[in-house]
Amino acid sequence: MKIKKLTKCFIIFLIPLLLGGCFNYKDINKVTFATSIIFDTDDFGNAVVYLDCVKPYRSTNESSDKGRRIIYKGVGKTALEALKDINMASSFEINYSQNRAYIFTEKAGRKGIKKYIDLINNNQQFQVKPDMFLYSGDVEELLKVTSSDEEYLGLYLEELVHRNKRNPRAMQANVNDYLSNSLMGSNTEVIGVIEIRKDALDKKVEIGGGAILKNNALVEKISTSDALSYNILMDNVNGGTLELPNPQSQNTFITLEILSNKTQSDLKYDGNEIKLIKNIEMKVSVAESQERLIVDRELLKYIKEIKEKEIQGHLDYIFKKYKEENLDVFGIERLVDIHYPKEDISSPIGITNLEVNVDLLIEGTGVIRDSL
């Protein structure tokens, strides 16, 4: 009986300790939350850090939230020193637990981002879930563009990534993926690129293409036009469109909508050559034609033959392009470690050839079912 009473008293004593972890209104009013962090490097090799922050205000007498956007800039020999420099200019504590994006400028990428990655990985407030981006333009212009829309940059990019998950020409990688993949194989990883697009009336931030980092330094970019081919090879395509000329009307096009895509990878090594095999099964539908289109077996056969050959050509091109640059963006070294763990092959991409097998399945249109 005494043991039971002591156990109950101990549990009652622990309950208040478990209920004290949340922010209250008083705490929130004393904290500034960073929504995105931009890492840059100046001409002298110093770390330059920009923080896009929100200073919230909550009151028990008001039902709505209030917030004010604040931009901070810090400079130091290290990234941590730059953050300490920002703290000297902030009258409130800066909290990084709500950060939504890490952005690296091209200059920082060229000189290497390892020191910034180490800071993210070692600081307890820094999260590994947010996405990483490379940005090539002027930082102040980037912040100004999002400010005109009354958007916090980190929250805007988080929504942009969410909306573009089915965009086959977009690329994204979060810190957790980067930390895991960059330590395996050839230490080569691809992250997303953000750009400023000029619309008819204003400017918008968009995701376009990718940046190739090898040994934590930027070595090459993947253009938006090549991003689709790369994503198909890496089985990262869930939707999108394909275009081809309309054989029934000159100077017009047919648009195919990608309904699903499945890319299966295999690897074979005979002692001299590595063969990377990609079996691609893509389901599409005829979504649009610019002129009158008679859909029959002959047309569907034409679409299948032309598009399979075109896809294969694009995939061969993108593979040879990065093979010649000795950039293992396809994870060949990791596949070799999995399939042939006892083999010691230096730079396996140099002896790898690609075999692509494309099977294009055309779903029925609105008037024809089971087209093929």
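Strands β9 (residues 203–214) and β10 run antiparallel and are joined by 5 bridges. Strands count as paired if DSSP finds at least two bridges between them. Strands (E, at least two residues) and helices (H or I, at least four) are DSSP runs, numbered from the N terminus. The model is predicted: local features need pLDDT of at least 70, side-chain atom pairs count only at pLDDT 80 or more, and totals for chains, interfaces and linings use all residues. Residues are numbered from 1 along each chain as its sequence is written, and side-chain values use heavy atoms, with hydrogens and water left out.

The hairpin of β9 and β10 has 2 residues between the strands. In this hairpin, asparagine 215 takes a positive phi near 55 degrees. Leucine 213 stands opposite leucine 218 in β10. Strand β10 spans residues 217–222 and contains leucine 218. Leucine 218 is buried, at 4% relative accessibility. Buried means under 20% relative accessible area, exposed over 50%, and partly exposed in between (1.4 Å probe, protein chains only). Neighbours within four places in sequence aside, leucine 218 is in contact with Glu106, Gly109, Arg110, Leu134, Ala211, Ile212 and Leu213. Contact means heavy atoms within 4.5 Å. Valine 190 lies 28 residues from leucine 218 in sequence, and their C-alpha atoms are 9.6 Å apart.

An open sheet is formed by 4 strands in the order β11-β12-β13-β14, with mixed pairing. Its edge strands, β11 (241–245) and β14 (352–362), each pair on one side only. From one strand to the next, the twist averages 35 degrees. Strands β12 (residues 253–269) and β13 (residues 274–289) run antiparallel, joined by 15 bridges. Isoleucine 258 stands opposite valine 284 in β13. Helix α10 packs on the sheet and touches β11, β12, β13 and β14. The direction of α10 makes about 155 degrees with that of β14. Axes are lines fitted to C-alpha atoms, for helices over the stretch in contact, and angles run from 0 to 180 degrees between N-to-C directions.

Asparagine 261 belongs to strand β12. Asparagine 261 is buried, with a relative accessible area of 10%. The side chain of asparagine 261 makes a polar contact with the side chain of threonine 263, at 3.2 Å. A polar contact is a pair of N or O atoms within 3.5 Å; within protein, one must be able to donate a hydrogen and the other to accept it, and residues adjacent in sequence count only if both atoms are side-chain atoms. Residues up to four places away in sequence not counted, asparagine 261 touches Ile232, Asp235, Val237, Ile280, Glu281 and Met282.

Helix α9 (residues 224–233) packs against helix α10 (residues 297–324) at an angle of about 90 degrees, with the axes 9 Å apart. The two helices are therefore roughly perpendicular. Angles of 65 to 115 degrees count as roughly perpendicular, under 35 as roughly parallel, over 145 as roughly antiparallel, and the rest as oblique. Helix α9 contributes Asp226, Ser229, Ile232 and Leu233 to the contact, and α10 contributes His314, Leu315, Tyr317, Ile318 and Lys321. These residues divide into 5 nonpolar, 2 polar and 2 charged.

Across the protein chain there are 11 helices and 14 strands. Of its 372 residues, 44% count as buried. Among contacts with a separation of 6 or more, 67% are between residues 24 or more positions apart.

Technical notes. Nonpolar A, V, L, I, M, F, W, Y, C, P; charged D, E, K, R; others polar.
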